[in-house]
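The sequence and structure come next.

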Amino acid sequence: MSVYAPIMANVEQQIDLARCAEIADSCTNFSLRKLTRMVRAIYDDALRPSGLKGTQFNQLVALALLRTATVQKLAKILVVDRHVAYGAVWYPLERANLVQSLRSVDGRERKLALTSLGYQRLRKATRLWELGATARS
């Protein structure tokens with residue numbers, strides 16, 4: 001007999017399943033996270049022909065408005081942890097040649113800017129976004 005089974009049974013007995021069901025039915029955070037995933041999937045599907053996901057579209061829009069910006073400023077605007085922002089948010093876009101990293105004169109800051117390909121993808125995604133907005137109205 002496995003040691004794992006009695007331990008898991010003991011843990012499961014400590015969980016109030018009725019309370020879990022109540023949380024799943026009434027918790028705003030639980031509901032918003034589900035809704036957010038559903039909305040994200042709708043945007044991802046609509047923007048797929050551009051090669052961008054909805055989150056990437058938002059990131060490129062923010063960067064286009066600023067022209068160039070530090071990772072820290074973009075993280076603040078997009079409400080993303082600045083320590084994770086470059087690796088999780090911007091590096092994949094840089095690797096895909098949609099964003100380029102520019103060094104400041106003193107080398108202490110990293111600024112980002114859209115590349116030509118980034119602007120092309122953003123234009124295509126914007127047209128798809130407009131089509132979706134028209135369809136929803």
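Leu32, Leu35, Met38 and Val39 make a nonpolar surface patch of about 360 Å². A patch consists of residues with over 30% relative accessible area and no salt bridge; nonpolar side chains (Val, Leu, Ile, Met, Phe, Trp, Tyr) are joined within 5 Å and like charges within 9 Å. Accessible areas come from the Shrake-Rupley method with a 1.4 Å probe, and for residues only the protein chains shown count as cover. Met38 lies in helix α3 and is exposed, with a relative accessible area of 52%. Exposed stands for over 50% relative accessible area, buried for under 20%, and partly exposed for in between (1.4 Å probe, protein chains only).

The model is predicted: local features need pLDDT of at least 70 and side-chain atom pairs count only at pLDDT 80 or more, while totals for chains, interfaces and linings use all residues. Residues are numbered from 1 along each chain as its sequence is written, and side-chain values use heavy atoms, with hydrogens and water left out.

A patch of positive charge on the surface gathers Arg33, Lys34, Arg37 and Arg40. Lys and Arg count as positive and Asp and Glu as negative, with His and the chain ends not counted; the place of a charge is NZ of Lys, CZ of Arg, CG of Asp or CD of Glu. Arg33 is found in helix α3 (residues 28-47) and is exposed, at a relative accessible area of 51%.

The count of salt bridges comes to two, where a salt bridge is a side-chain nitrogen of Lys or Arg within 4 Å of a carboxyl oxygen of Asp or Glu.

| Salt bridge | N to O distance |
|---|---|
| Arg19 and Glu22 | 2.7 Å |
| Arg48 and Asp45 | 2.8 Å |

Arg19 and Glu22 are three residues apart in helix α2 (residues 17-26), so about one helical turn separates them. Arg19 is partly exposed at 43% relative accessibility, and Glu22 is partly exposed at 42%. In the other pair, Arg48 is exposed at 53% and Asp45 is partly exposed at 46%.

The chain has seven helices and three strands, in the order α-α-α-α-β-α-α-β-β-α. Helices (H or I, at least four residues) and strands (E, at least two) are DSSP runs, numbered from the N terminus. Of the 137 residues in the chain, 23% are buried.

Helix α4 (residues 54-66) has 13 residues and reaches 19 Å from its first C-alpha to its last, close to the expected 18 Å; the expected span is 1.5 Å times one less than the number of residues. Its buried residues are Gly54, Phe57, Gln59, Leu60, Ala62 and Leu63. Arg67 follows α4 and has a positive phi, near 70 degrees.
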